[in-house]
Amino acid sequence: MGIVENDRERYRKVFGERDKQKDHWVHSICSLCYNECAIRVRVLDGKPIAIEGVPDSDRGAQGGLCARGVSALMDWYNPNRILYPVKRTNPKKGLYEDPKWQRISWEEAFDVITDKLTAARKKDPRSAFFAFTPGPTGGMRANVSFYRFMMAFGGSGASGGPGVMCGASAHHLGALQYAAWDIIPDYRYCNYVLRCGGNEGWGGGRSASTSIRMAAAARERGLKMKVMDPQGFTVATKGEEWIPILPATDIAVFLAIANLIVNEIGIYDKEYLRHKTNGAYLVGPDRLYVRDAQTKKPLLFDEADGKVKTYDDPTLTHPAIEGKYTAQGLACQPAFVLIKEHLKQYQPDWASTISTVPAATIRRLARELVDEARIGSFIEIEGVKVPYRPACVVGYKGLQTHQNSFHQYSAMHQINILLGNQDVCGGLLGSGAARSLGYAGTDGFKYAPFGGVDGMLTPGPWPIGQAAWPPRKVADAGTAMNFSDVLSHSSSNIYPYAEDWEELWTKAGRTFEPAVFFTYGANTLMNNTRPESAAKFLGQVPFSFALQPFHNETTEGFCDIVLPESHYLETLDISSAFGVTYNYPLGMDKFSFHVRMPVTAPTGEARDIQDVMNDLADRVGIRPTYNARLDDFYTFRKCRQAGTNREIPSIIDTKDIVTNIEFVDRILKYHFGAERGLEWFRDNGFMNWNKRPEECYWRWFIQARVPIYFEGVEADREDTKEKAGKIGFDLNWDYFTALTSYFPSVIHTELPPDSEYDLFFISQRDPLMTYRFTAQNPYINQVASFNPFTYNIAMNVETARTKGIKEGDSICLENHWGDKITGNVKLTQLIHPRVIAAVGLGSWAKGNPISRGKGVNPNALIRYDQHHFCPISGSAEPTVRVKAYKNTQSEVKLTK
Amino acid sequence: MRWGMLINLEKCVGCNSCAVKCEQEHFLPPGVLWGRLLFSETGVYPRATKHVYPVLCNHCKEAKCVDACPTRATQRREDGIVWIDSNKCVGCRYCLVACPFQVRTYYSKELEYYPGQGLTEFEKLGKKLYPHQIGTVLKCNFCMERIDAGMALGLKPGIDREATPACVNICPAKARYFGDLDDPDSEISILIRKWRAVQFHPEYGTDTSIYYVMG
């Protein structure tokens, strides 16, 4: 039997009888955004005809589902799906090229790919690039099946999709502060939210349907939400107050609020600072921790007995956060003393000048946050007494995607730390469930964050690779093409797609050249920077291939082979059940455990990613290592072993050759017992068990501290300066400071204040769009065309008047490098006069005829270089300064 | 008995889920939406507000469309549902003119969801399961087939999913409520009073069956 026939035979053995039913419902998991809601799908004569949420499940909207999730059905019927392996017959690669696909067999495709990967691995495994992002078949599949293959191969990771302009800082600080990928208000109990970017609860961004459900219930309960955002037509529509702000200046407001709380109002959570942050760690004259001479552990001063102790001393009861001490012969102070003093410079009037938010508003917000947080109070949840802090400041993209994003996002977290609201009732929670005490039936599915190096919070399960703590050591350049060796705190960053990559990489010695580019889920060309810049890198890779259910600009422009991935309604996937520190379950929602079940047999020769990666791992000879990486993930090995030498039983041995179906069955039985394997979930759908307060509000039940003082960043400054400087990085090294500080984004400094490029162009998330791929769905396109903010460029009415621009005009946006885009104007009062906004669309792929030519591509105006990204987290600066004028050309041309 | 719907605009986020689910539920042809969103804004920067109104057939008690229909294709049932008998509709479109809420669509010609690529299997299936006649007027029917089938099984519309309109079930914000307006003790009647819900354009005198809680 051939490759595909083998797959189909295995499928029939498990699902054949089920599929004989004429009309039935199948439980599965959506993949139209990161949230991956539980769904049930009605199947008639083998064809899906309806999708909805699952009423008894907390994973999603308890029976409801957003428009994207419902629309997925039409994707399954999309006549443009990739159903067979294809190879490029047009040898020319580049933007707008027609690849002239030709169908080939899986055997031929695998033979070519295996040769290329094997040759690359022999020469230097790093020369193989793996670019991925959650795509049309789900977030966790990219993180687990694809990313773990890259780890086993030893390849290089490159931002495949929007990572660099999405959550580079949010996930970095999410790990450091919450042991979770992201954050979300505890909507069930929260009374006051200051939301600064990110459209959770409104339908955009992450946790889509779940947060819509939770936030709507919270509004009904009386939640007050203030929205500080350059535009007021997304989540601000659900707020009781919209506070317009210039992009990337939130940092000034946050620092002023922190100053008011600490130095003027004087009400903040001192017990939280003492016991749950490193604000109590003693800092010496060099601004680094004072450490115990023998153990090298950071020291604290215990006010209870007047002694200096290590952070883990069992007798430590009342660490000081104020005062001056001597330890190890050094004059030192608790880190919080430095912070308190440092904050004094950040006055509301100063912040107002920078941000345009009135000083009186800043003062009012500080007061409201403190009043609403009820610092010092407790609440009993299901018989468990936990701290109660029903107020928070929250944000996401827009807030944390700027050149100054590490400090900007840290400044937001600093306020939440001062309120003591992290992972306590009513406050700000890590997305998903950072701690599980286990499934009661078997004691399986158990994991937790822990206090790691220096006693600092270290996540339990982590979706991709290594979490932000502990950071990597700064290494000499030349080992990583994205310079994550010298920029050791960053994971995903703008390289190798940035304008100055060639120059820096040459100075780094060009230790290897890209040989293979393998992409999954991503549309690298469109989702990183201006297509020309990404094309410059992709064009020099000799061999590129993709695994995708649909074509996009990247496959058509640069891939030599595209393998057909089965549609998510045809896949059996366990990874989307394990995104526990990613998105689910949120707050006190139940652990609703679902498996993504195929609702129908795969179409054509499309295959499941896990089976494809298994086959490739066999062919390239990395299966044992790949198995080990997958096993580490699904057993929660790292956090279960934390601080011990405990042996953790495996699910698969390195020598095992298991198919996806067998592997899923084993994982389920490993955690839930022999009777709850794949067949049980096939027949019963899913299972619920209640989350306990100690799991949801785990913060005071786990011995770990979070950074309010970034000593690790400070410690790496000189080393980073030396090693990065050697290859041509000339950054503002002051940025590497332990104290969260004001740094303006480059968009506020690179042009004079009276520059003709007077507008800030931002890209907002739309509740109908996941990247660009949902725009290809005819259901979505139809309703999107009614929303004036989806396909148009939003501009303030008064700004437009001064420029002679009218509603519906075609306008040209031009940056100071001379790049231009055109689009039609939607005039609104709901945007800052110095800001214009559009959704990231503007596709041209021939394989996407519905979305082709619709909307605009803001990324086309982005030019990244070393001055346009955050030196610590790697986050890009996607906001650009532009001038806007009426387009005199009659037609917008997106294709050549 | 009079079926009605309550939409809490404080909870609604304008995600379009209702509109898309309705398309799927009724195999609506491209260009025809029984439910859709209207957008507007009021105020002046920075004190401006955006408004999103989900609209659908109001199933008016004094329905102008019923009065206007010369063939009695548009009818009002005893339970308040206004529906169109396609077999009687001649496509004169008097109802389109008569309806003050503009929630009716004339189905003029067959279009493809993927233009130029033929009908998908889903669209072909729709022709069998839920056929729409070209040359007739289409509009929301409150999912009356779900209500009828559900009630035949003893289920209660607005309470049991299987007997409740699809847009109510799918709303991720739980912003929609469905029930009997004539029963003062029904959940919908209680909530209309509690939240002081309003009908749109009462001045038209049609006595709509859709109530809104203003956001």
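In chain B, 57% of the contacts between residues at least 6 apart in sequence join residues at least 24 apart. Keep in mind as you look around that this is a predicted model.

Let's stay with chain B for a moment. Its secondary structure comes to seven helices and nine strands. The radius of gyration of chain B is 18 Å, close to the 17 Å from the globule rule for 215 residues, so chain B is as compact as a globular protein of that length. A few more values for the chain:

| Property of chain B | Value |
|---|---|
| Span of the C-alpha trace along the principal axes | about 45 × 45 × 35 Å |
| Buried share of the 215 residues | 44% |

Now over to chain A, starting with strand β19 (residues 391–395). This strand is mostly covered, with five of its five residues buried. Both faces of β19(A) are covered: one side carries A:Ala391, A:Val393 and A:Gly395, the other A:Cys392 and A:Val394. Its partner here is strand β9 (residues 192–196) of chain A, and the two pair in the parallel sense over five bridges. Across this pairing, A:Arg195 stands opposite A:Val394 in β19(A).

A helix pair in chain A is also worth a look. The axes of α7 (residues 250–265) and α12 (residues 405–419) of chain A come within 8 Å and cross at roughly 25 degrees. Angles under 35 degrees count as roughly parallel, and α7(A) and α12(A) are therefore roughly parallel to each other. The contact includes A:Phe254, A:Leu255 and A:Ile261 of α7(A), along with A:Ala411, A:Met412 and A:Leu418 of α12(A). The crossing of α7(A) past α12(A) is left-handed.

Note on methods
Residues are numbered from 1 along each chain as its sequence is written. Chains are lettered from A and ligands numbered from 1 in the order in which they are written. This is a predicted model: local features need pLDDT of at least 70, side-chain atom pairs count only at pLDDT 80 or more; totals for chains, interfaces and linings use all residues. Helices (H or I, at least four residues) and strands (E, at least two) are DSSP runs, numbered from the N terminus. The radius of gyration is taken over C-alpha atoms; the globule rule is 2.2 Å times the number of residues to the power 0.38. A residue is buried if 20 or more other C-beta atoms lie within 10 Å of its own, exposed if 12 or fewer, and partly exposed in between; C-beta atoms are placed from the backbone. Two residues are in contact if their C-beta atoms, placed from the backbone, lie within 7 Å. Two strands pair if DSSP finds at least two bridges between them. Axes are lines fitted to C-alpha atoms, for helices over the stretch in contact, and angles run from 0 to 180 degrees between N-to-C directions. Angles under 35 degrees count as roughly parallel, over 145 as roughly antiparallel, 65 to 115 as roughly perpendicular and the rest as oblique. A crossing is left-handed if the near helix is turned anticlockwise from the far one by less than a right angle, and right-handed if clockwise.
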